[in-house]
Amino acid sequence: MQANVLTDSKPCVPGFGKLCRGEFSASPRVTSFLSVVSRYQVSVNHLSGRANIPSDFASRNAPVCTEPNCQTHSRSFKTRHPALQKLTNIKDVKRYLNVASIAKDGLLVVRRCDPLAPPNELIIVPRNVLDGLVTALHIKLDHPSKHQLNLVLKRHFYALDMPKAAEQASDSCHTCASLKRFPKSLVEQSSEDPPDLVGISYVADVLKRNRQLILVVRETVTSYTSTCFIKDEKLGSLRDGLIHLLIPLKPLNGPSVVVRVDPAPVFALM
């Protein structure tokens with residue numbers, strides 16, 4: 001048998017209509033009222049405050065409660081607390097209000113309707129527990145891939161930025177990191193025949209350390225290294241430095257010398 005509840009609060013009547021349609025109110029007080037009313041088979045109708053004298057008097061003159069753990073008083077304090085009322089302005093709450101509804105068991109869910117599939121209710125997961133839930137599912141399901149983990153999460157849960165949480169759980173997993181394949185190198189390494197003589201192949205580069213410029217020349221076969229300070233990286237300084245380092249290493253009547261450098265614009269002008 002369905003009972004009739006009369007109230008002089010006008011917001012509670014349309015709020016109850018939202019509850020019957022699967023929606024919920026953004027007001028903390030109306031939500032608290034609806035959470036109690038939804039437990040019973042009742043209908044809510046409006047009654048003028050002038051005709052509701054006994055209930056109106058009792059609500060304005062409540063008896064003194066001596067119980068320190070009274071849930072009614074603690075709930076009333078939480079709903080009136082200004083810091084908690086400001087929580088309704090959080091962007092996450094506003095985004096959830098557009099899609100969320102209350103299930104029969106009191107859970108906040110999002111109804112999902114896929115083609116050729118029965119309707120499904122996805123449980124809303126807050127941000128503060130999302131990372132723990134995703135990590136637990138990642139371990140429970142034996143370390144699935146990011147795509148597989150996303151499919152499981154989208155089948156049962158709804159949360160803001162859920163794909164990002166699944167990606168972070170997979171990237172931070174040490175087991176998954178140890179099983180990844182090494183990426184192929186962009187630069188192919190190959191061997192070549194050794195030179196016919198020693199002292200005809202060199203590599204050169206500029207080393208910067210402690211605000212000093214050091215020109216380094218190394219012989220490719222013996223790894224013999226010679227260095228000198230240069231004042232800047234201009235064409236004249238680099239050319240004079242290479243000549244200064246190569247003269248002691250190459251005789252005047254010797255074979256030609258090849259010096260390999262990086263593709264810097266100054267080296268290209270030599």
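**Cores, sheet and cysteines of a predicted chain**

The chain has 12 helices and 10 strands, where helices (H or I, at least four residues) and strands (E, at least two) are DSSP runs numbered from the N terminus. The structure is a predicted model, in which local features need pLDDT of at least 70 and side-chain atom pairs count only at pLDDT 80 or more, while totals for chains, interfaces and linings use all residues. Residues are numbered from 1 along each chain as its sequence is written, and side-chain values use heavy atoms, with hydrogens and water left out.

Of the 270 residues of the chain, 24% count as buried; buried means under 20% relative accessible area, exposed over 50%, and partly exposed in between, with a 1.4 Å probe and protein chains only. The chain exposes about 20500 Å², of which carbon and sulfur atoms supply 57%, the areas coming from the Shrake-Rupley method with a 1.4 Å probe and, for residues, with only the protein chains shown counting as cover.

In soluble globular proteins, nonpolar side chains tend to be buried together. A nonpolar core is here a set of buried Ala, Val, Leu, Ile, Met, Phe, Trp, Tyr and Cys residues joined through side-chain atoms within 4.5 Å. The largest such core has 17 residues, and those with the most contacts inside it are Leu 130, Val 134, Leu 149, Leu 153, Phe 157, Ala 159 and Met 162. At least two residues of this core are supplied by each of helix 7 (127-140), helix 8 (146-156) and helix 9 (162-171), and the largest share, 4 residues, comes from helix 9. When neighbours within four places in sequence are left aside, Ala 159 is in contact with Tyr 96, Val 125 and Leu 130. A second, separate core of 13 residues includes Tyr 202, Ala 204, Val 206 and Val 217.

Helix 9 also holds Ser 170, which counts as buried because its relative accessibility is 7%. Beyond its neighbours within four places in sequence, Ser 170 is in contact with His 138, Pro 144, Lys 146, Leu 149 and Cys 176. Cys 176 itself counts as buried at 16% relative accessibility, as does Cys 228 at 14%. A search of the whole structure finds 0 disulfides, a disulfide being a pair of cysteine sulfur atoms within 2.5 Å; the sulfur of Cys 176 is 3.6 Å from the closest cysteine sulfur, in Cys 173, and this is too far for a bond.

An open sheet is formed by 4 strands in the order 9-8-7-10, with mixed pairing, two strands being paired if DSSP finds at least two bridges between them. Strand 9 (225-230) and strand 10 (258-260) stand at the edges with a single partner strand each, so one side of each is left without a neighbour in the sheet. Neighbouring strands of this sheet are turned by 25 degrees against each other on average, direction ignored, with axes taken as lines fitted to C-alpha atoms (for helices over the stretch in contact) and angles running from 0 to 180 degrees between N-to-C directions.

Strand 7 (residues 201-209) and strand 8 (residues 212-219) pair in the antiparallel sense over 8 bridges, and Tyr 202 stands opposite Glu 219 in strand 8. The loop between strand 7 and strand 8 contains Asn 210, with a positive phi near 55 degrees, and Arg 211, with a positive phi near 60 degrees. Asn 210 counts as exposed at 68% relative accessibility, and Arg 211 counts as exposed at 91%.

Methods: Contact means heavy atoms within 4.5 Å.
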